Amino acid sequence: LFASKLNGQSQRGVSGGVCSVKVVYIAPNKALCDERQQDWSKRLAHIDRGIVCTTITGDDNATSSYGEIAKAHLILTTPEKWDSITRRWNDYVVLLGSVKLMLVDEVHMIGEQGRGSCLESVISRMKTIQRAASCRMLSSYEIASSSFKQAQQNDLASNMRIVAVSATLPNLGQLASFVESGEAYVFDDSFRPVPLTIYVQACGHIGKNRYLFDKSLDQHVPSILKRFSSGRPAIVFCHSKKETEALATELSKSYTAPTKLNDSALRKFAGQTNTASLQMCLLRGIAFHNAGLDASDRRIVEEAFTSGSLFCLCATSTLAMGVNLPAFLVVIKGTSAYRGAANGHQDIDMGTLLQMVGRAGRPGFDKSGTAVIMTDSLSKTRYENISQGLKVVESHLLDGNNLTECLNIEISQGVIACAEEAVDWIKHSLLFHRVQSNPLYYGLRGRGDDIIHSFLLAKCEDSITKLSKIRAITEQEDGTFSPDAASHIMSRNFIDFETMKAIVKLPHD
């Protein structure tokens, strides 16, 4: 689906040798962006060798990123990086207004508490940018003086199309409305190139010590591999870098390969790495893959697995999100992960689990795929329903200071100058759709346009008051306001509200 949309838009943009429109692809992480960049660069080269695909992630500073965007036809990025780039969109309205196809991968990530509000605000902001670009009658001189001189007035005035994909969701139609799409398609399991069977293995009760339970899962892995792999390649997903190496090392010592190994190929791969623990595992037909390995070691492991030399690969979830390495069998070792002392153990979100499960089954090699989810006895029923898809995606714009920070960005750019304009901005967000459908979830008792408007207005006024108290805005008697230095500093430097509040309180001359 992405390739067909991308090809059609790119062909239009490159015709005549000049690209006047751009495509942006947003994915959850850098690994997935890198994989798509490699794949699409090859595919699009068959259409036109002049097509430039550029990955822009957290490694780049914003100033250099604008130059890279101007040169590229297709930009691959993460929500956080695109958020950083678009916070100064008024300075780059021609460049950012030239984005006419926006591809959003894993759009159900909007429902995540930590990152969801960022993706929601980025999509809403892109719609704002497009409205501004189409309404402004930019002169030829203004375009020629901009950071993107190849832009065309007709293209700037045209609509941007958003193509978003996600796991199966009950409120898919609302997400379609949010991205202003008149179409929503559901692709069930019948569209999978290889049928998938999911098993949930109950591995006992957690007890008093969660760490000991998670550690005890290691001893169940060999029997699961023996029972379900049928001698074919398997990936065991672990939830930390340390776990992947520890499990791979243990399996290399205690687990016998189900089929005869290609010893000469394994010696070749082992000889290419200087990591002693990885060398030892490779010689036994096993490997581990995580962000702690350097890029050359990761490539060695990927090549060894792709060639069929390995029968088991222990990896973190990054592999599921970013590297296209399917296996006949996928084992998910545990359904929770330790997130530090402040957060403790947290359940792996269903979207990530579905990504890992989706790696089972190798098109062209297997007639079916198998996934085994290892969990505790009390959670077994919950994960047996995973194939039905995710829960309803809710907005997180009202969590903590998210709304205050999102509104400040738009205030800094001159989009919002009063409370009513703030409500109008919210009407282009997922929050507006969800408040209408599920008001009680957001603390609103009752329905109706007037009730919802009053509720959202009160939330916006509360955020405006917060910004006024830290001197980020100056309020006028007529209810309007304008951004001050603190607003711009907070927005452009990614400073959250509480930090800015503390900064403003610091003594100064």
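Is Gly344 buried or exposed, and what is its relative accessible area?

**View 1. Gly344 sits in a loop of this predicted model.** With a relative accessible area of 18%, Gly344 is buried, where buried means under 20% relative accessible area, exposed means over 50%, and partly exposed lies in between (1.4 Å probe, protein chains only). The loop that holds Gly344 runs between β11 (336-338) and β12 (345-347); strands (E, at least two residues) and helices (H or I, at least four residues) are DSSP runs, numbered from the N terminus. The C-alpha atoms of Gly344 and Arg210 are separated by 9.8 Å, although these residues are 134 residues apart along the chain. Because the model is predicted, local features need pLDDT of at least 70 and side-chain atom pairs count only at pLDDT 80 or more, while totals for chains, interfaces and linings use all residues. Residues are numbered from 1 along each chain as its sequence is written, and side-chain values use heavy atoms, with hydrogens and water left out.

**View 2. Glu394 and Arg434 meet in a salt bridge.** Side chains of opposite charge can pair when their charged atoms come close. A salt bridge is counted here when a side-chain nitrogen of Lys or Arg is within 4 Å of a carboxyl oxygen of Asp or Glu, and by this rule the count comes to 21 salt bridges. In the pair shown, the N to O distance is 2.8 Å. Glu394 belongs to the loop between α18 (380-384) and α19 (402-412), whereas Arg434 belongs to helix α21 (residues 430-437), and the pair links these distant parts of the chain, 40 residues apart. Both Glu394 and Arg434 are buried.

**View 3. Glu35 and Arg36 belong to a network of salt bridges.** Salt bridges that share partners join Glu35, Arg36, Asp39 and Arg43 into one network. Between Glu35 and Arg36, the closest N and O atoms are 3.0 Å apart. Glu35 counts as buried at 15% relative accessibility, and Arg36 is buried too, with a relative accessible area of 16%.

**View 4. Arg492 and Asp91 form a salt bridge.** The side chains of Arg492 and Asp91 meet at 3.9 Å, N to O. Arg492 lies in helix α23 (residues 485-492) and Asp91 in the loop between α4 (79-86) and α5 (93-97), so this pair ties together parts that are 401 residues apart in sequence. Arg492 is partly exposed, with a relative accessible area of 41%, and Asp91 is partly exposed as well, at 46%.

**View 5. Glu420, Glu421, Asp424 and Glu461 form a negative surface patch.** Patches are made of residues with over 30% relative accessible area and no salt bridge, with like charges joined within 9 Å. Helix α20 (residues 419-426) gives the most to the negative patch, with three residues. Glu461 is placed in helix α22 (residues 449-469) and is partly exposed, with a relative accessible area of 40%.

View 6. A disulfide is a covalent bond between the sulfur atoms of two cysteines. A pair of cysteine sulfur atoms must be within 2.5 Å to count as a disulfide, and by this rule the count comes to zero disulfides.

Key
Patch = residues over 30% accessible without salt bridge, like charges linked within 9 Å, V, L, I, M, F, W, Y side chains within 5 Å. Areas by Shrake-Rupley, 256 points an atom, 1.4 Å probe, with all protein chains shown as cover. Lys, Arg positive; Asp, Glu negative; His and termini not counted. Charge placed at Lys NZ, Arg CZ, Asp CG, Glu CD.
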